Amino acid sequence: MDQPHPHRNPMPAPALVATDISKSFISGIVKIQVLNKLSLSVLPAELTLIAGPSGCGKSTLLSIMSGLQYSDGGKVVALGEDLTGASMGELEKFRLRHTGFVFQGFNLFTALTAIEQVELPLNYLGVGKHEAHERALEALREVDLSHRANQFPAELSGGEKQRVAIARALAKKPQLLFADEPTSALDASSGSTVINLLHKIAREHRTTVLCVSHDPRLIQHADRVLAMEDGEIRRDWRTESDFDINEHLHATKGIH
Ligand SMILES: Nc1ncnc2c1ncn2[C@@H]1O[C@H](COP(=O)(O)OP(=O)(O)OP(=O)(O)O)[C@@H](O)[C@H]1O
Ligand SMILES: [Mg+2]
């Protein structure tokens, strides 16, 4: 007999809920309405991809849903907490405790080795030195980079740098992981390694992963895809992706 789909029966409570989010920017004398009463909810423990053309408002939406930026109107509830009325300090605390970020430009410190990059946020969280080191090593192992632990960013390829950034986010064991164009600076092979790592993290760590990208190649690797256009969600569908990241990492070793 078929097993019921874990997300359909019963439907888990969403990890992120945005309701009627509006956001506009003033550019000179022109007001640009980027998000127009947009609503969506993101289910836990899966990779949700928001895909859409450049300029449609993906990064703006991601930053509002992750507590990096305020909306003009509407409400965001993340892990049951209402972020809408939170102060900047409260949002910072929320992000430190519950979220990890992966960006297009990797955002690594040039003077730190791979393992030091991963240890850094754990130090901020007050994790002891020994435990931080062990957790950082484990996170690097998970992205298949233990052998690069002592390299500096300048000595790593783009794909490897992004995997360090993922390890840094992962070591915090966040419930929410946000990725903005995580594959845009990478070639196709490194890009697919990265998106599949994010998928694996969602499945194996039960992390809610919200990724935004204009790269349609990522669609097949997500559990759910929301197509965005002109500040609105136009389509919302599920894929049946089942990709073995360990096989993929093994097959592409040496290419990065
Ligand atoms: N801080 C800002 N000030 C003024 N305009 C902004 C600001 N941030 C974003 N915008 C405008 O809002 C619109 C949406 O930007 P956003 O970065 O969310 O798009 P995007 O979908 O992420 O695009 P891309 O795929 O190129 O990253 C754009 O027209 C952009 O110029
Ligand atoms: Mg963007």
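How many of the eight residues of helix H1 (residues 58-65) are buried? The points below take up this question first and then turn to the rest of the structure, which is a predicted model.

1. **Helix H1.** Six of the eight residues of H1 are buried, and the helix is thus mostly covered. The buried positions are Lys 58, Thr 60, Leu 61, Leu 62, Ile 64 and Met 65. Just after the helix, Gly 67 takes a positive phi of about 75 degrees.

2. **The surroundings of ligand 1.** The shell around ligand 1 consists of Phe 25, Ser 27, Ile 32, Val 34, Ser 54, Gly 55, Cys 56, Gly 57, Lys 58, Ser 59, Thr 60 and His 214. Three elements, S1, strand S2 (30-42) and H1, each give two or more residues to this shell. The greatest share comes from H1, with three residues. Sorted by class, the shell holds seven polar, four nonpolar and one charged residues.

3. **Overall composition.** The protein contains seven helices and ten strands. Of its 256 residues, 41% count as buried.

4. **The six-stranded sheet.** An open sheet is formed by six strands with mixed pairing, in the order S6-S7-S8-S3-S9-S10. Its edge strands, S6 and strand S10 (232-238), each pair on one side only. When direction is ignored, neighbouring strands of the sheet are turned by 15 degrees against each other on average.

5. **Strands S7 and S8.** Within this sheet, strand S7 (residues 176-180) and strand S8 (residues 208-213) run parallel and are joined by five bridges. The bridge partner of Phe 178 in S8 is Leu 210.

6. **Helices on the sheet.** Helix H6 (residues 188-205) packs on the sheet, where it touches strand S3 (47-51), S7 and S8. The direction of H6 makes about 155 degrees with that of S8. Helix H5 (residues 158-171) lies across S6 and S7 and runs at about 170 degrees to S6.

7. **The nonpolar core.** The largest nonpolar core comprises 62 residues. Those with the most contacts inside it are Val 118, Leu 140, Ile 166, Ala 167, Leu 198 and Val 209. Helix H5 gives the most to this core, with seven residues. Which residues does Val 209 touch, not counting those up to four places away in sequence? They are Leu 47, Thr 48, Leu 177, Ala 179, Leu 198, Ile 201 and Ala 202.

8. **Two backbone angles to inspect.** Most residues other than glycine have a negative phi. Asp 20 is not a glycine, yet its phi is positive, at about 50 degrees. This residue lies in strand S1 (residues 16-27). Is Asp 20 buried or partly exposed? It is partly exposed, because 13 other C-beta atoms lie within 10 Å, whereas a buried residue needs 20 or more. Asn 107 likewise has a positive phi, of about 55 degrees, although it is not a glycine. Its place is in the loop between strand S6 (99-103) and helix H3 (114-124). Asn 107 counts as exposed because it has 12 C-beta neighbours inside 10 Å, and the limit for an exposed residue is 12 or fewer.

Note on methods
Residues numbered from 1 in each chain as written. Chains lettered and ligands numbered in written order. Predicted model: local features only at pLDDT ≥ 70, side-chain atom pairs only at ≥ 80, totals over all residues. Helix = DSSP H or I, 4+ residues; strand = E, 2+ residues; numbered from the N terminus. Near = placed C-beta within 6 Å. Nonpolar A, V, L, I, M, F, W, Y, C, P; charged D, E, K, R; others polar. Pairing = 2+ DSSP bridges. Axes fitted to C-alpha atoms, helices over the stretch in contact; angles between N-to-C directions. Contact = placed C-beta atoms within 7 Å. Core = buried A, V, L, I, M, F, W, Y, C linked by C-beta atoms within 7 Å.
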